[in-house]
Amino acid sequence: MRQLVWRFFYGYKKRTGFAILGVALAMIILVISQILLATLEQASELGIKQKYGNYDLMVGYQKTKQFLSESDIAKIKRIPQVKEIAPFYYPYIDENPIFFDGSPIPFIYIGVNNNPLAKEMDLIKRIKQGQLPRAGEVVLSLPYMKKKGLRIGDSVKIPFASQKKKRLTISGILHVTDVNIALFDLAWLQETTAKQGRITMMLVQLTDLKSKAAVIEQIRNQFPRIHIDKRDLIDKERENLGGLKPVVYGLNVTILIGSALLMITILQMSLHERKKELATIRLLGGKKNQLFRLVIHEAILVSTSGSLLGLGGGVGLSFLLQQSLMKWMALPIVPIVIPWTLILLSLMGGILFITLASLIPAYRSSQVPPMVAFRQAAPQSQKQKPVIKWVSLLCIISSVTLTIWNLMRTPSQTIYLVSGLLFTIGVFLAVSWILPLLVRGISWVFQLVQSSDRILSSRNTLRQLHRSTQLASVLMLAIIIGNVGLSILYLLKDEQEKQLSEIYPMEYILDANTSHSEAGFSEQIYDSIAKLPHMKAFPLYNRGHFSTQNLDIKKIKKEKLSLFPENGSYQTLVSLIGSDLETIYKQLPFRIISGQINSSALKQNGVVITKTFSELTGYKLGDPIALKEDTQLKWGDGPPKRITLKIVGIIDPYPFAPKDDLLLITHTDITKKIFGISTIDKIYFDVTKSSAKKEIEKQINQKLKDPSLSKAILTSRTEEFGKFIEQYKQRLWLLGAAVSLIALFSLLGLLNNTASSLQERRAEFAVLRALGGKRRQVLRLILWEGILVTTAGGFLGMIVSIFLGAHLIAALDKTLWDFPITGSLYCLAFSPIIGLIANFIPAFSTVNGKISRNLTTDAE
Amino acid sequence: MNAVIQTISLNKTYGKGINQFHALKDIQLSIYEGEFVAIMGTSGSGKSTLLHLLSGLDQPTTGEVLFNGKALHRLNDSQLTELRRDQIGFIFQFFHLIPVLSAEENVTLPAMLAGKTNQQLTVKARQLLQFMGIGQLAKSLPSQMSGGQQQRVAIARSLINDPKLILADEPTGSLDSKTSKEILTILQRFCAERNHSLAMVTHDPHVAAYADRVIFLQDGRIVYEHTFTSDHPQANASFLMKVVEEIGGSIS
Ligand SMILES: Nc1ncnc2c1ncn2[C@@H]1O[C@H](COP(=O)(O)OP(=O)(O)O)[C@@H](O)[C@H]1O
Ligand SMILES: [Mg+2]
């Protein structure tokens with residue numbers, strides 16, 4: 001028995017070779033993608049840690065009065081997911097600034113513990129000479145050291161708020177440029193300022209990134225007013241890879257399906273060719289299950305050797321690809337990571353899957369009675385069970401019905417999804433009866449223009465079609481994945497573009513990045529930025545938080561508004577900001593729907609609302625709107641103040657806020673004088689001269705080095721979009737690679753198919769030649785057969801792509817009328833080429849074969 | 001009389017070195033307009049090889065084939081193809097009909113390959129099929145016909161372009177003797193009427209007896225040649241049987 005397997009294996013080298021190649025290709029992709037993904041993950045994690053420091057949260061206060069006590073620190077340490085903390089103490093953060101002699105800029109004092117996590121902070125990393133201070137030591141910033149001609153080891157007198165001076169030894173130099181900083185040993189500083197156990201801020205390292213949200217919540221619960229830097233920027237960067245994973249896995253699965261389908265057809269083909277041999281085995285006493293086992297053995301042999309080849313090739317190629325990929329993705333180069341368990345598991349899964357797939361042809365061939373196998377000269381067409389035909393029709397019809405029904409009501413996104421999937425399944429089940437219809441249709445169309453001998457091709461194609469059905473499905477799969485993937489990627493890109501242009505009405509945003517009722521930039525900082533050359537800047541002031549007092553419950557859209565009970569009726573939370581609407585309007589025009597935006601009107605307790613605000617809350621032009629400061633989120637001290645403003649204008653939109661932001665805009669006079677809000681949350685700006693952009697970015701980043709601005713972030717639309725485009729391109733490449741691979745599978749299968757079917761029909765083609773068919777003519781006939789099959793498959797793929805694509809987009813985006821037409825047309829134009837290529841080599845050898853030999857050899 | 005086809009010391013060897021096989025040796029043969037030549041010989045004596053050389057399907061190792069005085073080796077592949085298409089008709093032992101084409105379409109195939117399709121051609125195909133006695137099967141597929149019916153279609157196919165020469169390789173080889181006789185009579189009558197030449201390979205003396213002339217091949221050589229004087233197939237057949245016995249070697 002085993003011997004027989006080997007004999008078959010060797011006897012059909014070419015065919016087996018194809019099958020192994022197909023499996024190996026799939027496995028190579030599987031292996032490469034796992035290895036590269038693991039390596040990329042490692043590299044990007046490393047890159048992120050290098051760039052941002054290896055800590056996950058920054059927790060603390062920004063005022064001297066607020067602090068964490070020793071017991072507070074212990075509480076945070078006790079949270080199970082907290083691995084490590086590094087405490088810092090700022091004794092004079094917002095009061096009693098301390099000046100050294102000869103320096104006009106005040107010194108910022110920081111107490112720091114000498115622990116490894118502390119060194120992850122950007123500021124500490126800047127101690128480029130010397131070391132962290134011990135008790136009695138200090139680290140000073142470079143400019144002051146230079147100015148005073150100080151060196152490490154020198155002793156200096158340092159002033160403290162209590163007017164005492166202390167003598168300390170310099171232990172290191174902090175390389176910062178335009179700020180003055182003095183670093184001390186934490187415990188020493190606490191003692192010296194008589195604030196034992198106090199810390200202002202700490203870095204937190206977590207055991208597991210996934211617990212971030214949970215830890216934040218626990219800290220918030222215990223310290224409601226604490227500020228937490230979630231380091232969203234880092235998460236965003238991680239997301240890049242995180243988002244890549246499902247894409248890669250999804251494509252891997254489709255590739256595996258493609259290769260399994262290829263395997264099935266190749267096995268089927270080789271079984272068909274060996275029918276007589278297999279029948280002989282049966283006649284000589286081989287049992288059905290022996291035959292079955294024979295085929296399974298071969299399948300295991302093929303899939304295992306293919307997988308091993310794939311493993312070798314995949315690991316090898318990964319080593320080759322890794323460096324260029326890392327460079328391309330701008331990641332640090334790390335040694336390759338081979339996730340062996342994952343790879344071996346997926347290889348085993350792949351082998352199992354492919355072997356299972358081969359059960360189908362194995363079972364079929366073992367069921368054929370021996371005599372039938374002998375008699376069957378012509379390949380029998382596998383009659384599909386009529387049940388499947390009806391099921392497929394049912395799927396398609398119900399899908400179309402669902403969609404039409406959905407269109408007639410308020411469309412449900414889920415229904416679109418279901419309908420799209422139903423249609424796709426239906427078509428795949430229907431391939432074996434739709435494909436012949438399509439081939440007929442296409443040849444009928446072409447009969448109008450082509451020479452009459454092509455009738456032969458169409459008929460031959462129809463006769464041989466049952467062999468190519470699965471391969472046409474593989475091609476369809478490639479087309480569908482390609483098109484649908486492409487349209488989803490396009491959709492994401494469009495959305496991103498739209499979103500970004502809403503978030504960025506101007507090119508740059510300088511975000512103070514402070515929390516709700518925490519002061520942003522001072523007006524001085526704003527002025528210093530706005531007066532840089534080629535600047536067009538607008539401030540977005542911090543907002544005041546108010547609850548409405550006279551909301552008319554009958555006019556509102558309840559489901560879109562969060563309401564809370566107050567004074568026996570329901571009210572909602574709104575924000576009030578001061579803004580120079582007139583100037584903004586001149587630069588960034590928005591629609592004034594009704595009323596006016598004049599400063600003079602706003603100053604007299606006037607307020608402008610947005611269209612959405614009016615729609616949601618029911619307030620109209622001319623209405624008075626009564627407000628009361630929110631107790632928890634209010635600015636400054638004292639009891640909450642009340643005010644009633646009159647709506648003087650309605651605009652759409654306010655350029656610096658999302659549409660659904662419940663925003664009241666008034667003059668800064670009111671917000672400043674009455675509510676004491678004079679800081680700026682965000683600075684929006686454009687640089688009018690593009691050559692000046694680099695310089696201005698540099699200058700602003702320089703300013704941000706000031707520790708009081710350490711949280712502020714400068715972002716730009718171009719940069720954000722660029723990041724997205726980078727990801728988009730990666731995904732596009734991946735998609736392209738997967739689609740090409742699946743298309744290659746169908747090509748390999750068709751090539752194998754044609755080779756075998758032409759071999760069977762070589763006498764037929766020799767007759768054509770003998771009867772006066774020219775070489776080119778016969779070649780054309782054979783190529784046309786391939787073209788017909790893949791064009792039909794391509795056409796079907798196009799239909800499904802358009803239908804499924806539109807439905808998936810509808811499921812994401814609500815409207816159905818977004819059809820991926822262009823991509824589909826490309827695929828339709830491309831699919832004949834696959835048939836052409838697949839048939840070319842076998843066709844060429846057929847027409848160049850000796851006519852006389854092929855005529856005399858028995859056609860069977 | 002004009003020779004439609006003439007060979008000049010034709011030799012054909014297959015293979016190389018120790019595998020070399022001399023399939024045809026120094027063949028001198030002319031077939032004249034309207035003549036019916038039967039080619040007899042044991043299996044493997046080179047009969048099919050000879051027909052392939054005559055039609056240009058294969059090239060001789062040395063020697064020449066002249067068709068209407070034109071040397072075949074001077075023609076390129078495309079010209080040879082056209083020659084076969086327009087001037088030569090083929091009939092094979094296993095019929096070699098195209099399975100996906102109906103009887104009528106099979107008959108018009110050579111014309112179809114020439115790019116000709118018109119109503120007249122279809123009419124002509126119908127007439128030929130009628131003449132072969134299977135007019136009612138015009139729309140049938142080969143798989144729906146018996147061997148004899150298929151061979152009649154094949155004969156009609158060989159005649160559609162009014163070829164000068166018809167080459168038939170054991171056309172009755174897969175048919176029973178009654179069907180063979182019917183088919184042969186039709187073929188002979190048709191060729192005689194239209195002045196087509198016919199070269200037919202057979203190892204059946206009863207079939208060869210219909211010919212004007214018989215040649216015997218043995219080990220690639222023409223070993224015997226006879227022109228019948230009698231028109232009586234029965235007499236010719238018994239004569240041929242004696243010759244076969246004399247030459248020795250069982251035929252088939
Ligand atoms: N393509 C070929 N290669 C090698 N030998 C061949 C080839 N074709 C025919 N032969 C040999 O030439 C001899 C004559 O063959 P053929 O003409 O087919 O004989 P037959 O008289 O039976 O038709 C045979 O011995 C055959 O084996
Ligand atoms: Mg022969």
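In which loop of chain A does A:Pro653 lie? A:Pro653 is found in the loop between S19 and strand S20 (663-666) of chain A.

## Basis of the model

This is a predicted model, in which local features need pLDDT of at least 70 and side-chain atom pairs count only at pLDDT 80 or more, while totals for chains, interfaces and linings use all residues; side-chain values use heavy atoms, with hydrogens and water left out. Residues are numbered from 1 along each chain as its sequence is written, and chains are lettered from A and ligands numbered from 1 in the order in which they are written.

Helices (H or I, at least four residues) and strands (E, at least two) are DSSP runs numbered from the N terminus.

## Backbone features and a salt bridge

The peptide bond between A:Asp652 and A:Pro653 is cis, with omega of about -15°. A:Asp652 also forms a salt bridge with A:Arg591 (3.7 Å, N to O); a salt bridge is a side-chain nitrogen of Lys or Arg within 4 Å of a carboxyl oxygen of Asp or Glu. This pair joins distant parts of the chain, 61 residues apart: A:Arg591 belongs to strand S16 (residues 591-595) and A:Asp652 to strand S19 (residues 642-652) of chain A.

In chain B, B:Asp162 is not a glycine, yet has a positive phi of about 50°. B:Asp162 is placed in the loop between helix H5 (147-159) and strand S7 (165-169) of chain B.

## Interface of chains A and B

Contact, meaning heavy atoms within 4.5 Å, involves 24 residues of chain A and 24 residues of chain B. The two chains bury about 2,400 Å² between them, 64% of it on carbon and sulfur atoms; buried area is the accessible area (1.4 Å probe) that two parts lose on being put together, summed over both. On the side of chain A, A:Arg459, A:Leu771 and A:Lys774 lose the most area to chain B, together 25% of what that side buries.

Five salt bridges are counted between chain A and chain B. A:Arg769 and B:Asp77 form a salt bridge, with their closest N and O atoms 3.2 Å apart.

## Cavities

A cavity is a set of points on a 1 Å grid over the protein atoms alone where a 1.4 Å probe fits but cannot get out, and its lining residues have an atom within 4 Å of a point. Of the 15 residues lining the largest cavity, A:Ser468, A:Thr754, A:Glu785, A:Val789 and A:Asn839 are the closest to its centre.

Definitions and conventions:
1 Å grid on protein atoms, 1.4 Å probe; cavity = no way out; pocket = protein on both sides within 12 Å on 5 of 7 lines; lining within 4 Å.
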